[in-house]
Amino acid sequence: MDLRQNIAGVQNRIAKAAVRSGRKPEDITLVAVSKTVDSEKVRQASLLGLTDFGENRPQALKAKIEVLPHLRWHLIGRLQTNKVKDVVGRACMIHSLDRWNLAEEINKRGQNLGKTIPVLLEVNIAGEEEKAGLKPIDVEVFLDAVSQLKYLQVLGLMTMAPLVDNPEQTRPVFRELYQLRKRFLNKDYENVNLLHLSMGMSQDYEVAIEEGATIVRVGTAIFSGDN
Ligand SMILES: *Cc1c(COP(=O)(O)O)cnc(C)c1O
């Protein structure tokens, strides 16, 4: 498989899953997770039509943005407060807001830049201990609190499903994130507008779309086997 075929294959599957879930292919954003490849490979992928890329480490995000500033870059991995300054103002979206002091730090940096920073709340639906994310039961209080931070704009929820053999096993996790979001849609929060569900990776992005994902984060299925 080469990069062109990989991308076409993923886009085709995304389009079909979107239609199965009653939506249009363009309603789903494909974030190509480029953490295992270099900037040159990202450039090639962008020339093949990809616009959004994801990195899980702030340093790598910063380095790649310097080479390819015209692309949309998402920070999808754990963010330490001392790295916030490298990400805010550079990333188009931070998917991994999972604690209050991080929210405050992002807000502070946004204020310094005079910019509102788009974020997603990461929720640990599956309850795996080693995974980041808020407990579902804590999301409401957290949203109440972050809605007071003027330089944060909460645009949705994100989750990581457990690694499994059969993608069907992740379906309940995605369904639960969808239901969680639904509970807050009628609340009139300042600075909170839960438009997005970032869920689904190479193993399970089709299931995630069927369950309502608006953003999928796909690495291996795009970049592996391409040399
Ligand atoms: C690496 C990573 C992905 C992509 O995983 P693949 O299995 O390679 O598609 C998605 N989300 C996060 C947070 C990741 O770290």
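This is a predicted model: local features need pLDDT of at least 70, side-chain atom pairs count only at pLDDT 80 or more; totals for chains, interfaces and linings use all residues.
Good morning. I begin with Leu149, which counts as buried because its relative accessibility is 11%; buried means under 20% relative accessible area, exposed over 50%, and partly exposed in between, with a 1.4 Å probe and protein chains only. Residues are numbered from 1 along each chain as its sequence is written, and side-chain values use heavy atoms, with hydrogens and water left out.

Where is Leu149 found? Its place is the loop between helix 6 (139-146) and strand 6 (152-158). Helices (H or I, at least four residues) and strands (E, at least two) are DSSP runs, numbered from the N terminus. Leaving aside neighbours within four places in sequence, Leu149 is in contact, meaning heavy atoms within 4.5 Å, with Trp100, Ala103, Glu104, Asn107 and Asn191. From Leu149 to Ala103 the C-alpha distance is 8.0 Å, although 46 residues separate them in sequence.

Asn191, one of those contacts of Leu149, lies in the loop between helix 7 (171-184) and strand 7 (192-198). Its phi is near 65 degrees, a positive value in a residue other than glycine. Asn191 counts as partly exposed because its relative accessibility is 24%.

I turn now to Glu211, in the loop between helix 8 (205-210) and strand 8 (215-218). Glu211 is buried, since its relative accessibility is 10%. Its side chain joins that of Arg175 in a polar contact of 2.9 Å. A polar contact is a pair of N or O atoms within 3.5 Å; within protein, one must be able to donate a hydrogen and the other to accept it, and residues adjacent in sequence count only if both atoms are side-chain atoms. Beyond four places in sequence, Glu211 is in contact with Arg171, Phe174, Arg175, Tyr178 and Met199.

Finally, the ligand. For Arg217, a side-chain N or O atom is 2.9 Å from a nitrogen atom of the ligand. Thank you.
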